[in-house]
Amino acid sequence: MSSQLTDTTADQEMLDLEKHNCVERVQWVLNTPKPPGLGHEIMETAVSWRNKIPFLNKQSGWKDDLFSMLQATFPILSWCQNYKATKFKHDLLAGLTLASLCIPQSIGYATLARLDPQYGLYTSVVPPLIYAVMGTSREIAVGPVAVISLLLSSMVQKLQDPDADPIAYRKLVLTVTFFAGTFQAAFGLFRSGFLVDFLSHAAIVGFMSGAAIVIGLQQLKGLLGITHFTNKTDVISVVKAVWSSFHHPWNPYNFILGCSFLIFILITRFLGRRNRKLFWLPAIAPLLSVILATLIVFLTKADKHGVKIVKHIKGGLNPSSAHQLQFNGPHAGEVVKIGLIVAIIALTEAIAVGRSFAAIKGYHLDGNKEMVAMGFMNIIGSFTSCYAATGSFSRTAVNFCAGCETAVSNIVMAITVFISLELFTRLLYYTPIAILASIILSALPGLIDLHEAYNIWKVDKLDFLACIGAFLGVLFATVEIGLLVAVTISFAKIILVSIRPGTETLGRLPGSDTFGDVNQYPMAVKTPGVLIMRLKSALLCFANANFVRERIMKWVIEEEKDIKGNADKSTIQVVILDISNLMDIDTSGIASLEELHKNLESNGMKLAIANPRWQVIHKLKLANFVAKIGGRVYLSVGEAMDSFSI
């Protein structure tokens, strides 16, 4: 008898202790210190920037800090200290392999951008050198790319016809390049890389696929030797132009020559994928095609029989183009807009490529430093007759397979292209335009990722809508409309999720103190007389506050109806709101919670809050909401349950 009494007393003491601890933990929640505000965060950022400036940082020697800042700005100063001859051997091979692919591609991409061929080669000299000094990726191969070339030609030609006035058109392209570099550098310096994320992964997949098809259709002009071709990029206009060209005399030799070498390049690529030791074969295939096709035209005098050739390519070092930049004029606003679009697309492609290969090699790629490097290389490039450059996926893959160790491979490639500009441009006089078209066409399959598009469809239908919107917009309208459609759908998705956040009913998982969604975990047990709900939103604000309140009341009413139809169930006495997902709340959100409290109170129910975040509980206390609900704020759902004896 005495032992039973002792056990009862011990159990009562444990319950009292647990109740005391629960009350104490409630005070933990209610008596939190004031969270840091916006001013505090700005001050912390300013202090961190101050500490990075050597002359303002007194904690250590300014010489050491200056060198550290130089290393941060020019990463080459860090890794060149441990650079060895064995690494140079690999970089030399990779750089020469890159150059063999880069030279014909650069000429082709320049023609796609509606510029003279030498501007593609210029763009493969200065930007790679700047990036090698300032970039953080070891594998990225920098130079002109197909998508950026298409962007420039499709958007700038609306301001100035390249056929009517090629000099004025070139000046606008160089000015766009300057602004693209300025935006890129600003994104990096002000750590605004999130702006690039406005183009979602799904949108980029759709945009790249649509752009690849548009670029391919544009190459029909060179492949078929068509003289008069449309300046529009949509598929309908291009097909009409090709169809109308068949009603005029045309020369089949261009088509035969271009298709023959296109098949050759594709076969070498297939062999390179089957046997990784033959990685060099698809890399040198474009240059080999240019050499062979040029010899064929020269020896057979095919240019006299209708085969269109490149003719004169200006050689020599990049000429200065600073005087050609046009900051005033009727198109200044449009040029800035095009520069912003080019900056975002170029950064998105380069950072995606860089991060992919950095993950394989197991090192971190600093996105902000990449933006600064890309920005300065395009700014300096615009002063040296280069148009917008970025990281190329196809050339980066070749660089990686060739065994590059550092960015020295970019330096080797740039020097090789420069030597070619000095010595070999005269030899390219008889290069057929059809070969350049076939080289561009051979690079396009890598831009179309059907497997990824299918994965997007499986995982998220709204993401797929953004993907297909970008694809169809680029294909049937313009590049700008395709991008606009993709961004609009992506923003609509964000807004839809924000203004219509989900709520879920929770139950206790058997054998644990964990509470989970009863729909996700059918074995979860609801507690009679208690309705536990969790918000699935990070922000309760003016846009979604009323929707959330109505959603919760709807659940309460449905539960009450279910209880009335089942005599075994208890009437709801308490509604516990788990707001662990809620990061912030505004005055509209607080007002909606107050109205929810009044509605529940009028129906004889109590409202309790569980697991509020720092900013949220601070604002609820300032608004006196905690006092209005009787201080029913708890550290967890479990403690809220334990505090009610139902």
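## N624 and its loop

N624 is partly exposed, with a relative accessible area of 43%. In this predicted model, N624 sits in the loop between helix 25 (614–622) and helix 26 (625–628). Its backbone stands out. Phi of N624 is near 65°, a positive value in a residue that is not glycine.

## S385: another positive phi

S385 also has a positive phi, of about 65°, although S385 is not a glycine. Look for S385 in the loop between helix 16 (367–383) and strand 2 (390–392).

Is S385 buried or exposed? S385 is buried, with a relative accessible area of 1%. N624, by its 43%, is partly exposed.

## Helix 15 beside helix 17

Now turn to a pair of helices. Helix 15 covers residues 332–361, and helix 17 covers residues 393–401. Their axes come within 10 Å and cross at roughly 20°. An angle under 35 degrees counts as roughly parallel, so helix 15 is roughly parallel to helix 17. The crossing of the two helices is right-handed.

Which residues make the contact? Helix 15 supplies E349, V353, F357, I360 and K361. Helix 17 supplies F393, T396, A397 and F400. Sorted by class, this contact of helix 15 with helix 17 has six nonpolar, one polar and two charged residues.

## Aromatic pairs

How many aromatic pairs does a search of the whole structure find? The search finds 12. One of them joins F357 and F393. The ring centres of F357 and F393 are 6.0 Å apart, and the planes are at 45°, so this pair is tilted. F357 lies in helix 15 and F393 lies in helix 17, so the pair ties together parts that are 36 residues apart in sequence. F357 counts as buried because its relative accessibility is 8%, under the 20% cut-off. F393, at 44% relative accessibility, counts as partly exposed.

F357 also pairs with F400. Here the ring centres are 5.2 Å apart and the planes are at 50°, so the pair of F357 and F400 is tilted. F400 belongs to helix 17 and F357 to helix 15, so this pair ties together parts that are 43 residues apart in sequence. F400 is partly exposed, with a relative accessible area of 21%. Ring pairs also build a cluster elsewhere in the list of residues: F178, F179, F327 and F383 are linked this way.

## Helix 5 across helix 19

Helix 5 (residues 85–112) and helix 19 (residues 433–443) have axes that come within 9 Å and cross at roughly 95°. Angles of 65 to 115 degrees count as roughly perpendicular, so helix 5 is roughly perpendicular to helix 19.

Where do the two helices meet? In helix 5, the residues are P104, Q105, I107, G108, Y109, T111 and L112. In helix 19, they are L436, I439, I440 and A443. By class, the contact of helix 5 with helix 19 has eight nonpolar, three polar and no charged residues.

Helix 7 runs over residues 126–134 and is mostly covered. Seven of its nine residues are buried. These are V126, P127, P128, I130, Y131, A132 and M134.

G135 is in the loop between helix 7 and strand 1 (141–143). Its relative accessible area is 4%, so G135 is buried. What does G135 touch, leaving aside its neighbours within four places in sequence? G135 is in contact with P75, E370 and A373. H228 is 93 residues from G135 along the chain, and their C-alpha atoms are separated by 42 Å.

## S420 in helix 18

S420 lies in helix 18 (residues 408–423). S420 is buried, with a relative accessible area of 12%. Neighbours within four places in sequence are left aside here; beyond them, S420 is in contact with I103 and T425.

Terms used: Residues are numbered from 1 along each chain as its sequence is written. This is a predicted model: local features need pLDDT of at least 70, side-chain atom pairs count only at pLDDT 80 or more; totals for chains, interfaces and linings use all residues. Side-chain values use heavy atoms; hydrogens and water are left out. Axes are lines fitted to C-alpha atoms, for helices over the stretch in contact, and angles run from 0 to 180 degrees between N-to-C directions. Helices (H or I, at least four residues) and strands (E, at least two) are DSSP runs, numbered from the N terminus. Angles under 35 degrees count as roughly parallel, over 145 as roughly antiparallel, 65 to 115 as roughly perpendicular and the rest as oblique. A crossing is left-handed if the near helix is turned anticlockwise from the far one by less than a right angle, and right-handed if clockwise. Contact means heavy atoms within 4.5 Å. Ala, Val, Leu, Ile, Met, Phe, Trp, Tyr, Cys and Pro count as nonpolar, Asp, Glu, Lys and Arg as charged, and the others, Gly among them, as polar. Buried means under 20% relative accessible area, exposed over 50%, partly exposed in between (1.4 Å probe, protein chains only). Rings of Phe, Tyr and Trp (its six-membered ring) pair if their centres lie within 6.5 Å; planes under 30 degrees apart count as stacked, over 60 as edge-to-face and the rest as tilted.
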